[in-house]
Amino acid sequence: MNDYNKDEVINSLMIGINKGKRAKHMKRVSQSILTLFLVVFTSFSVMVNVSSSFADSLIDIPVIGEIVELIRIGSGYEEAAEKGMFEKGDIVYQDEDYTLSLIAYYYSDQDLNLFFKLDHELEGRYAITNFELLDEKMNKIEGGSFGYGSFNDDNIENIDVNMVDRRLPDTLTVRFDITRNSQRESFKDDDIIIDDISVNLEKKIKDVSNLKTFKKVIKHDSIDFEFLTLEITPTTMNLQLNVSSEDKVFYDFKEIYIESGDHRYERISDGLVRSGDMTSGMTYYFKTPYFDDYESFEIVIDGIYVLPLDQSTILIDLEKKEMVKGIDEKISFLGIKETTTGYTVRFEGNVDERVSFSQYNGHYFSSTSTMSTETSREYHLEVEKELLEDTIIEVNFSFYPNEIEMNKTIIIE
């Protein structure tokens, strides 16, 4: 596989890129995205691993260079883009006011990363809403982590999907609406200006991963950490573990990273950083060593965030509009505003100490929002009346900044 003609490969890439088709004017489009990189992925991926000069030369190709510039630092897709693993898209919708283009996409067994650009004539804020994935039979694909929202100042929006614990089919359809809002703070269905946009995609990348299975248990402060597997893919390194305790609630590591030789792999910072909980098991996502030389790994832990189980919730009396039981001084109760459908519960915390709320009485908040100033954070939690069986609610956290010292290194051969 080392013997290849670099000029032929690059020429093939450029031919495919230059054959991008112009879409006709239409009200709604459902189309397949053409593969513009004409080299079979299995061969291409080996080439970029074997020859660093070949990989470096790809950056000089205009399309790949543009794709690399789109990738958010810390998302885990930087090297995948540099190695040419993103596909070039096409126009997927066009009318007299709007042109929506799929600039580029990455589609593997578990990851889907899409970049859309919306060129428009009308002023306003625009967003992708009501996004869903459909399989070959047009059934909705459930589960996973979806990230999407408003178009930025360059009219580009990135959709990031990670299926966490299942595989995506070989072909799928992404379907969504485009929403325009010129006045309100949030987007409503009434703001939809293009509905049911459908784009068909074909998987080009198989996540050829290296799965290291091991079992190491670390006990600390009545908490058991059971480390299970380390999976390496082109975009992430996934560490699976179980955390259990009879009298503690574990929220997160203060710092956790993985080392191999001179390489240090930090947690993903822009995208899915962790999935699961103490009940279902947890998976942490790190920068990938997929393109590096590696043998053994060391998992390094410095500090954890934990609360005693009996002190891990707060009680709020909605009728009396007061906090019955708190935790500590990290958050303070600001009050309650009653609405037609429920209550808005407000808290305030220090700007340097993030707090994340999860549920009340076993129900998820209908919405949560955070407003930050130079000195504080204000949290607004929406509670639905129809779900209430009592006027007193017990509020749980998905993260609370109560730090406990823990310094451990786990070696994985």
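Modeller: Gly-342 counts as buried because its relative accessibility is 0%; buried means under 20% relative accessible area, exposed over 50%, and partly exposed in between, with a 1.4 Å probe and protein chains only. The model is predicted, so local features need pLDDT of at least 70 and side-chain atom pairs count only at pLDDT 80 or more, whereas totals for chains, interfaces and linings use all residues. Residues are numbered from 1 along each chain as its sequence is written, and side-chain values use heavy atoms, without hydrogens and water.

Leaving aside residues up to four places away in sequence, Gly-342 touches Lys-337, Val-383, Glu-384 and Lys-385; a contact means heavy atoms within 4.5 Å. Leu-387 is 45 residues from Gly-342 in sequence, and their C-alpha atoms are 9.2 Å apart.

Gly-342 belongs to strand S23, residues 342-350; strands are DSSP runs of E with at least two residues, numbered from the N terminus. Strand S23 is part of an open sheet of 4 strands, ordered S22-S23-S27-S26 with antiparallel pairing; two strands pair if DSSP finds at least two bridges between them. Strand S22 (331-338) and strand S26 (367-372) are the edge strands, each pairing on one side only. From one strand to the next, the twist averages 20°, with axes fitted as lines to C-alpha atoms and angles running from 0 to 180 degrees between N-to-C directions. S22 and S23 run antiparallel and are joined by 7 bridges. Phe-333 stands opposite Phe-347 in S23.
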